[in-house]
Amino acid sequence: MKGRRGMSDDKEVAGQVTHEKRNKKLLVQVGLIVAGIFILVIACAAAILVKGSLNTYFRGKEEIFEGFLNQITDEALNVAGPTWLFDFFEEHPEEVRDSDPTENDQSLWNFQMIRVTKGDFENEKLAGDYLNSLTFEEQLSYAQCMFDYMNDIISVYKWFMPSEDIILFDPNGEKGGFVFSIAEMTMTSATSGLGTYVDYKPEEHPALKKIINGKADLAFEQYHDKESDEYLYIGFKAIKFSGKLCGVLAIIHPWTDVHSDVMRMELIMVLVIGGALIILAVLLLLFLNHSVIRPVTKVKQGVREYIQDKDSSRIVEEMSQIKQKNELGDLADDIAEMAVEIDKYNEENIRLYKDREKLATEMDFAARIQMDVLPKKFPEHDAFEIFASMDPAKDVGGDFYDFFFIGETQLGMVIADVSDKGVPAALFMMVSKRLIREYATSGLDLKYVMEEANNSLCEGNENQMFVTAWVGILDLTTGEVRAVSAGHEYPMLKLESGKFEILKDRHGPALGTMEGMSYREYSFMMPKDGTLFVYTDGAPEATNKDKEMFGMDRMIEALNEDPELSPVDLIAHMTKSINAFVGDAPQFDDLTMLSVKYKGMDY
């Protein structure tokens, strides 16, 4: 069989394997998170770089295109009646395209129409009326000259931009965009030449749509021809005469090769950056494993082991192995210090627990001594019945009662309340009880009994404790009671009427307050079958959960519920009434009661 140490070693090995699996799982999770973050970073960086590169590329093209478009448009508008001319092109494309004007025709129209300023033909209607007044041959000759003129203009600019296509077309044609003049048009599947149509879809050309709707005179767009898989960049320019859209000039730039280059560049960039980030991620994971995961695991394992075996020296040694100069290192030091402090705290708790057990034993012993000091045996006598009880608020209380015979015909009675609770009050109580009994049984008058007891208690009373007391002597032959009150509660007496009433006697100072105090004796008669009830302030001051005290009125009411009860039953009834009133509320004062019923003596 394996010993306890062997079983512990097996558990440690199993625990280490479990921790290693958890660490690997945690590294995988962290790696996936880091990879996801890096992929997102790469995608964003690539998108930003590609978009920025293309924007720079297209802005350069826009600047070039805008200059050419403006110049060609100005030249196109430098003819008379462009609206009439474009309509003539659309009505007679073949005649214009298939014939060549003579040199005389060109010279004539160059002189009369082309080189004139725009101001002479600002009125489109006048220009159109003039051209309509010509013969068809003259109109055809003019259209042929203008067609050649515009082709020449486009050809000149085409020479500067050999890779771009330049188109002049009417976007309002019935079949699509009617082409006025064209140079190697590849915008759509249409063929080149005057009289052809650009088969475009306006919804696919947002820039052209702006031109047609009059929202812009110059606009650019990127267009992907899905049939030919070509990427095109197109600039559109409106040709207007007297505010009317006569045509649209377009420069088409194919950038399929550029697009491929950009995608290739983006792929290379992703691979390079991705490779660098993967290396960085691996380094980061190794760093996290060495600097974070392993120390955290060691801290966790050390804390778990400390919880199991409570060995502070072991966890201090393990935490000292964590060398990080950061929060983890500080945490390890704090845990080691905490473990040492917990051990000290546990040792102190054990010591305090033992002290409390010892104190509880001593308090229990003191309580038994105190209760043993109080009279437990109540005499059976033909002239009286007597009973008393004391219920301490703590283990050891400060109240006491006493009764004793003075001669054969006098019964001494004492009830008192020390100002404190606990062991000091119990000691003060026993001294007070002994002094009062000794002085009372010595034959002194009660006033001297109290004065001597007071002086004796004042000697060495550094804690300034005091005791309220009521002392009475019952003459069993007559029923007379001589009494002295040292600041104690009023007695309650059942008279001949059969009801209890409060006997408001004269109070002297409490015993032990000041040396040399004097006291005054008084007396009263107890009728036959009369009952005397004395108590400490724990009875009227018993408090319920609503902070309401039991009070003198309730005490009288409880006594008079059955005033014929014997002393033992009377005290039991009073105790029951007080407990019912208090309920579960905690009490902070002792409850002590004494009752005597005088039956008289037969001679």
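## Close-up views of a predicted model

**View 1. Phe-550, a residue tucked into a loop.** Phe-550 counts as buried, since its relative accessibility is 4%. This is a predicted model, and here we are looking at the loop that runs between S16 and H13. Who does Phe-550 touch, once its neighbours within four places in sequence are set aside? The partners are Ala-539, Pro-540, Ala-542, Met-555, Met-574, Ser-577, Ile-578 and Phe-581. Have a look at Asn-579 too: Phe-550 and Asn-579 are 29 residues apart in sequence, and their C-alpha atoms are 9.9 Å apart in space.

**View 2. Lys-547, in the loop between S16 and H13.** Helix H13 covers 551-559, and Lys-547 sits in the loop between S16 and that helix. Is Lys-547 buried or exposed? Lys-547 is exposed, because its relative accessible area is 72%, whereas Phe-550 is buried at 4%. The backbone has something to show here as well: Lys-547 is not a glycine, yet it has a positive phi of about 65°.

**View 3. Asp-529, with a positive phi.** Now for the loop between strand S15 (522-525) and strand S16 (530-535), which is where you will find Asp-529. Phi is positive at Asp-529, about 65°, although this residue is not a glycine. With a relative accessibility of 38%, Asp-529 counts as partly exposed.

**View 4. Asp-417, a buried residue in a strand.** Strand S9 spans residues 410-418, and Asp-417 is part of it. Asp-417 counts as buried because its relative accessibility is 7%, under the 20% cut-off. Leaving out neighbours within four places in sequence, its contacts include three aspartates, Asp-399, Asp-537 and Asp-589. Gly-398, Phe-466, Val-467, Thr-468, His-488 and Thr-536 are also in contact with Asp-417. How far apart in sequence are Asp-417 and Leu-591? They are 174 residues apart along the chain, while the C-alpha to C-alpha distance is 9.6 Å.

**View 5. Helix H2 meeting helix H6.** H2 takes in residues 82-91 and H6 takes in residues 136-160. The two pack at an angle of about 100°, and their axes are 10 Å apart. H2 and H6 are therefore roughly perpendicular to each other. On the H2 side, the residues that meet H6 are Trp-84, Leu-85, Phe-86, Phe-88 and Phe-89. On the H6 side, look for Phe-136, Gln-139, Leu-140, Tyr-142, Ala-143, Met-146, Phe-147 and Met-150. Sorted by class, this contact has 12 nonpolar residues, 1 polar residue and no charged residues.

View 6. Why is H2 described as largely enclosed by the rest of the structure? The reason is that 7 of its 10 residues are buried. Those buried residues in H2 are Pro-82, Thr-83, Trp-84, Leu-85, Phe-86, Phe-88 and Phe-89.

**View 7. Leu-140, on helix H6.** Leu-140 belongs to helix H6. Its relative accessible area is 15%, so Leu-140 is buried. Not counting residues up to four places away in sequence, Leu-140 touches Phe-88, Glu-95 and Val-96. Leu-140 and Leu-85 are 55 residues apart in sequence, with 9.8 Å between their C-alpha atoms.

**View 8. Leu-511 and the largest nonpolar core.** The largest nonpolar core has 51 residues. Which of its residues touch the most other members? They are Trp-470, Leu-474 and Leu-511. Zoom in on Leu-511 and, beyond four places in sequence, you meet Ile-436, Met-450, Asn-454, Leu-457, Phe-466, Val-467, Ala-469, Ala-486 and Tyr-519 as contacts. Another core, of 38 residues, lies apart from the largest one, and its members include Leu-131, Leu-134, Tyr-149 and Ile-239.

**View 9. Stepping back to the whole protein.** There are 14 helices and 17 strands in the protein. Of its 603 residues, 44% are buried. If you take contacts between residues at least 6 apart in sequence, 67% of them join residues at least 24 apart. As for confidence, the mean pLDDT is 78, and 70% of the residues reach 70 or more. Residues 1-7 stay under 50, and the model gives that stretch 3 contacts beyond four places in sequence. Residues 186-191 are below 50 as well, with 17 contacts in the model beyond near neighbours in sequence.

Terms used
Residues are numbered from 1 along each chain as its sequence is written. This is a predicted model: local features need pLDDT of at least 70, side-chain atom pairs count only at pLDDT 80 or more; totals for chains, interfaces and linings use all residues. Side-chain values use heavy atoms; hydrogens and water are left out. Axes are lines fitted to C-alpha atoms, for helices over the stretch in contact, and angles run from 0 to 180 degrees between N-to-C directions. Helices (H or I, at least four residues) and strands (E, at least two) are DSSP runs, numbered from the N terminus. Angles under 35 degrees count as roughly parallel, over 145 as roughly antiparallel, 65 to 115 as roughly perpendicular and the rest as oblique. Contact means heavy atoms within 4.5 Å. Ala, Val, Leu, Ile, Met, Phe, Trp, Tyr, Cys and Pro count as nonpolar, Asp, Glu, Lys and Arg as charged, and the others, Gly among them, as polar. A nonpolar core is a set of buried Ala, Val, Leu, Ile, Met, Phe, Trp, Tyr and Cys residues joined through side-chain atoms within 4.5 Å. Buried means under 20% relative accessible area, exposed over 50%, partly exposed in between (1.4 Å probe, protein chains only). pLDDT is the predictor's confidence in each residue, from 0 to 100.
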